[in-house]
Amino acid sequence: MKISGADIVVQTLLEQGCDVVFGYPGGQVINLYDSLYKYQDSIRHVLTAHEQGAAHAADGYARASGRPGVVIATSGPGATNLVTGIATAYLDSVPLIAITGNVMGSQIGTDSFQEIDITGITLPITKHNYFVGRVEELADTLREAFRLAISGRPGPVLVDIPKDVQIAKTDYQPKPAVQPDEPFAAKEIRITEAAATINAARRPFVYFGGGVITAGAAEELLALAEKIDAPIGCSMMGLSAIPSDHPRFLGMQGMHGHYACSTAMHHADCIIALGVRFNDRVTGDRTKFARHAKIVHIDIDGAELDKTVHPTHGLRGDVGCTLRRLLPLLTAAPHPEWQQQVAAFRKEEAAQQTDRPGLTPQKALKMLDAHLTPNTPVATDVGQHQMWAAQTLHFQKSRRFISSGGLGTMGFGLGAAIGAAFATGERAVLVTGDGSFGMNCNELATAVSCKVPLVILLLNNGVLGMVRQWQTLFFDRHYSNTVLNRQTDYVALAAAFGAQGSVAQTPEQLEAALAAAFAADGPYVIDCRIDKDEFVLPMLPPGGSMDDIITKVGD
Amino acid sequence: MERFTVAVLVKNQFGVLNRVTSMFRRRQFNIVCLTVSETESAEFSRITVQFDGQNDSAKQQLYNQLYKLPDVCSIKELQPQDSVSRELMLIKMENDPETRAAIRDAAAAFNAKTVDYTRDSIVMQLTADSRRIDDFVNLMRDFTILEICRTGIVSLERGNATIRKVNYL
């Protein structure tokens, strides 16, 4: 039977196991939306306030579930509004399918109303993209988009479908959902060589990133650390892959990483890096980074090996498959001296903690932490609050920390939290700041209309705190355009959107607010007031090394 | 700065040249010349790129990134000693009675063929490797060059080796 291109899109989404999409209608996807109307009992469409919010929601859905997120937008501004969302997903290797409408094929290239070259625009921020010229290619193109998005190192794929292709009819045969390309282990010889290096190590360190979450290789990672008696650290993208309270886990490494973790990594003689890409926020000055260590780098993406840091052994392969081959080649070896050293780093870190009276961001986050269940997805925006959340919160289950790492997209969190709530069916949490929240707070409307249970902890300091911190430390306190001086009443704002909210200025008020928020039916905004001069510490200055670490800022 | 030549076998689809060249731009490699055409199979196109690069690791990174493009089937760096490279140039000279003989002598020495001849102009065709073409152009600079058009190089490996999907990591 012949069906329309628009129906084929929905049918193909259903055949790929997609039952919720995020998006915003418009002139060039009106046919597609007509099909969504027809199939509304099988596929849910979540209407957002802005296409960017829809893209972040689809992204958050994918991060929380591990399944590809789908976002739909119309041509022109609808498509360009997706760009930040697509780039966010690209930098964090999130499987995202972006479907855009475009003008009639006959009008392409004539600058017609709301026509934009979205495949051209998204070329450098997608794994791949497609312009579908004929309805006969549509179903297979979408299937290929799904396969690419979930295979190897995942990433966003955009499919641009002109209106005439949505209208045209052709035969459609359902096919089973595509499977990701078979994961493969690194070459045997590389594994053997790496094993010899690891076996010779006296101060091994296991370092992992988001690739371990994607590969589902937490078990293998823990077995590795156990066998070679190594402490474990991660990049921000790795958070939640293993339980935060695991005795070997030192936390996050990097510019604002945990002191013990960064220090241990600095002193290690062998770093086994798994599904992580040694971003500049992690290494600081690359010439001084982990100078004493041999690096065994395992990643599914060969282009990450030797990109920023020169590994002793670069192993291209799936982290899980490769570790399963590597483990039997390793000799179990205790390193009591190294463990003592690591314990000393932990003590130093503990001594740096200060507990001041009043509502500090750390205290606020610890109070929030007490309310989290192992299933609660926590999204963040970008800035100081993100780093505090990454440093402070505890996670039990994989995919429960959702944060824009690579692109650092302020305004990511609210959409992502909504997507994560849909993916998990759980009450979601958003930790945000007043700067980030101001960027896309329109999605409160979405959370209200979809009755999304959502706790929004807004750490409100009235400034763009992260930039202010740099201005304090490196720009002679020239607070250029970082003092917001806004008069936003966030409780009234929440009410205006149909949400609830309250102000918390003391720990007692915050406790009451959290109790109310975690009992609320829909979104609840906690306007949590913190001081504008709180610092994120420790801090490795940009381009600096462990020798330059700042653990304390003078009073 | 070193000069490299790489052949990229790609799926014959629109936009593919854009995807490949965009990667050079993103990695800030300057393309010296580029040719693209269909191959023995209608399914594939072959892009030959000559570019200047700072160092080997940046170049390797470029290849790694290119290799990740779904439309890229194979990449092969062509070493001068192991490959045959040719370029075709058309050069239009002013036809001046005083210089005509000198131009003709040089052309004969380089085996350049005259393909158009008018009272005021001479168009010559030269197929050679790039170095030889450069030498010829330098000679012609003594006279009045009206216009030059070069194809950029095409290159094949010597022997029976062919470009094919290679897992080089």
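This is a predicted model: local features need pLDDT of at least 70, side-chain atom pairs count only at pLDDT 80 or more; totals for chains, interfaces and linings use all residues.

Visitor: Why is chain A called as compact as a globular protein of its length?
Guide: Chain A holds 23 helices and 20 strands. The globule rule gives 24 Å for 555 residues, and the radius of gyration of chain A is 24 Å, close to that value, so chain A is as compact as a globular protein of that length. Along the principal axes, the C-alpha trace of chain A spans about 70 × 60 × 40 Å.

Visitor: How do you know which residues of helix α16 of chain A are buried?
Guide: A residue is called buried when its relative accessible area is under 20%. In helix α16 of chain A, residues 361–371, the buried residues are P361(A), A364(A), L365(A), M367(A), L368(A) and D369(A). The cover over these buried residues includes the helices α17 (384–392) and α23 (507–517) of chain A, together with the strands β17 (428–433), β18 (454–460) and β20 (523–529) of chain A. Over the whole of chain A, 58% of the 555 residues count as buried, while in chain B buried residues make up 40% of 169.

Visitor: What makes domain 1 and domain 3 of chain A partners in a contact?
Guide: The division of chain A gives domain 1 (2–171), domain 2 (188–351) and domain 3 (361–533). Taken over C-alpha atoms, the centres of domain 1 and domain 3 of chain A are separated by 29 Å. Contact, however, means heavy atoms within 4.5 Å, and the contact takes 25 residues from domain 1 of chain A and 23 residues from domain 3 of chain A.

Visitor: What is the order of the elements in chain B, and how many are helices and strands?
Guide: Chain B has 4 helices and 9 strands, and from the N terminus on they run β-α-β-β-α-β-β-α-β-β-α-β-β. Among contacts in chain B between residues at least 6 apart in sequence, 73% join residues at least 24 apart, and in chain A 77% of such contacts do.

Visitor: How far apart are the mean positions of the positive and negative charges of chain B?
Guide: Chain B has 23 positive and 22 negative charges, whose mean positions are 7 Å apart. In chain A, with 45 positive and 56 negative side chains, the centres of the two sets lie 3 Å apart.

Key: Residues are numbered from 1 along each chain as its sequence is written. Chains are lettered from A and ligands numbered from 1 in the order in which they are written. Side-chain values use heavy atoms; hydrogens and water are left out. Helices (H or I, at least four residues) and strands (E, at least two) are DSSP runs, numbered from the N terminus. The radius of gyration is taken over C-alpha atoms; the globule rule is 2.2 Å times the number of residues to the power 0.38. Buried means under 20% relative accessible area, exposed over 50%, partly exposed in between (1.4 Å probe, protein chains only). Lys and Arg count as positive and Asp and Glu as negative; His and the chain ends are not counted. The place of a charge is taken as NZ of Lys, CZ of Arg, CG of Asp or CD of Glu. Domain bounds come from an automatic or database domain assignment.
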